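Reader: Before I use any of the labels attached to this structure, I would like to see each one set against its cut-off. Could you take me through them?

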Amino acid sequence: YMGYCVKYPKVIPDLLAISLVGSTGLLFINYVIAHFSPVVLSIVTTTRKFFTVIASILLFNHSLNVSQWLSVSLVFSGVVIDTVHGYNSKKKKGHHHHKNPAVELASINKAKDKQ
């Protein structure tokens, strides 16, 4: 790895950039899990991948056959149905924000420390 970087030093800025972007992504993942839920993270991740595929198709002029477009449509439909179903379920039950148990425990411990 280091030998490759020594031989091709122009790759170092790209490696630093991808490291920064990857670390930022992990922070975002932890934030979403802590403040929402793993289900929300799953929807966000799937949606992000969907839009990445669409952007790649548009930016790089990729062509998809019928079965590939059908697959893209199924993923999008699944995300929309899951999101609408989740929204309607919360609306019927009354929205109760459930935090991650680790965040709840940290809040309780912090409150105890202040006493």
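Predicted model: local features only at pLDDT ≥ 70, side-chain atom pairs only at ≥ 80, totals over all residues.

Reader: What makes F50 count as buried or exposed?

Author: F50 has a relative accessible area of 12%, and the limit for buried is under 20%, so F50 is buried. In helix 3, L41 and I57 are buried as well as F50.

Reader: Why is the pair of F50 and F76 called stacked?

Author: Rings of Phe, Tyr and Trp (its six-membered ring) pair if their centres lie within 6.5 Å, and planes under 30 degrees apart count as stacked, over 60 as edge-to-face and the rest as tilted. The ring centres of F50 and F76 are 4.9 Å apart and their planes stand at 25 degrees, so the pair is stacked. This pair links distant parts of the chain, since F50 lies in helix 3 and F76 in helix 4, 26 residues apart.

Reader: Which term applies to F76, buried, partly exposed or exposed?

Author: F76, which has its place in helix 4 (residues 66-93), has 40% relative accessibility and therefore counts as partly exposed.

Reader: How many aromatic pairs are there by this rule, and what kind is the pair of F50 and F51?

Author: The count comes to 3 aromatic pairs. F50 and F51 form one that is edge-to-face, with 5.2 Å centre to centre and 75 degrees between the planes. Together, F50, F51 and F76 form one aromatic cluster.

Reader: How do you know that helix 3 has close to its expected span?

Author: Helices are DSSP runs (H or I, at least four residues; strands are E, at least two), numbered from the N terminus, and the expected span is 1.5 Å times one less than the number of residues. Helix 3 (residues 38-59) has 22 residues and reaches 31 Å from its first C-alpha to its last, close to the 32 Å expected.

Reader: What is the term for I29?

Author: I29, found in helix 2, has a relative accessible area of 31% and is therefore partly exposed.

Terms used:
Residues numbered from 1 in each chain as written. Heavy atoms only, no water. Buried < 20%, exposed > 50% of the residue type's maximum accessible area, 1.4 Å probe, protein only.
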